[in-house]
Amino acid sequence: MAKVVSTLFISADGVAEIDPDWHFPYFDDNMGRAVGEDYDTADVLLIGHGTYDSFAGAWPDREAAGGDDAGFAKQLGDVRKIVVTRQQLEFSWRNSEVIQGDLLDVVTSLKADPDIKGILIPGSISVVQQLLAAGLVDELRLLVHPVAARKGRRLFDDGDVPYHLKVMATEVFPTGAIRVIYSPTAAPAGVGYDEIKDQVPAGK
């Protein structure tokens with residue numbers, strides 16, 4: 001079954017709507033490697049309309065320019081891209097298509113497709129939120145920047161039920177950025193103060 005992976009740049013206070021002013025100072029070779037590893041797992045990119053517009057407005061030109069980032073730009077152009085939107089779009093970027101049907105049904109079908117190994121969701125906060133709520137995200141790969149952005153859209157919106165996560169891997173970069181890979185997991189057993197009071201510091 002194909003794995004659904006969300007990859008996001010995120011601030012220490014949970015803002016996933018990136019601002020270049022706090023993002024780019026922390027982008028180095030280590031972060032670039034991590035991003036490359038995430039994209040190398042994907043046969044399909046699942047992206048929101050806003051993220052698609054941002055990508056399509058930049059990467060085809062970068063591929064054509066033939067600069068240092070042309071190889072990655074070609075990789076993005078070659079991969080299948082499914083855009084989550086209610087609008088009918090005309091695409092100039094190759095291998096792009098509008099989602100056909102309900103998001104949850106489509107992702108469930110993609111996960112079950114034996115010809116698909118991985119589905120990557122770069123950015124696209126609203127898409128990730130919907131799939132998290134439905135239990136369809138297999139991994140959250142967060143590149144946590146050592147900055148409190150203090151404004152912008154956060155990944156985890158208000159809700160009644162907490163998301164419990166298992167840490168699968170961590171890596172600290174020289175810039176202070178941290179790569180954390182989470183997998184959703186079951187809630188731990190209920191524990192109250194009486195169960196942990198023997199672990200409280202004894203004091204002096």
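Before you click anything, one cut-off: a residue is called buried when its relative accessible area is under 20%. Keep in mind, too, that this is a predicted model.

**Stop 1: strand β2.** Select residues 44-48. By that cut-off, 5 of the 5 residues in β2 are buried, so the strand is largely enclosed by the rest of the structure. Now show the side chains. In a regular strand, side chains alternate between the two faces of the sheet. Here, Val44, Leu46 and Gly48 point one way, while Leu45 and Ile47 point the other way.

**Stop 2: the neighbours of β2.** β2 and β3 run parallel, joined by 5 bridges. To find your bearings, pick Ile47 and look across to Val83, which stands opposite in β3. Next, bring in residues 118-122, strand β5. This strand is also parallel to β2, with 2 bridges between them. The pair to pick here is Val44 and Ile119, which stand opposite each other.

**Stop 3: Ser124.** Is Ser124 buried or exposed? Its relative accessibility is 7%, so Ser124 counts as buried.

**Stop 4: Arg150.** For the last stop, go to the loop between β6 (139-145) and β7 (165-172), where Arg150 lies. Arg150 is not a glycine either, yet it has a positive phi of about 75 degrees. With 72% relative accessibility, Arg150 counts as exposed, because the cut-off for that is over 50%.

Technical notes:
Residues are numbered from 1 along each chain as its sequence is written. This is a predicted model: local features need pLDDT of at least 70, side-chain atom pairs count only at pLDDT 80 or more; totals for chains, interfaces and linings use all residues. Side-chain values use heavy atoms; hydrogens and water are left out. Buried means under 20% relative accessible area, exposed over 50%, partly exposed in between (1.4 Å probe, protein chains only). Helices (H or I, at least four residues) and strands (E, at least two) are DSSP runs, numbered from the N terminus. Two strands pair if DSSP finds at least two bridges between them.
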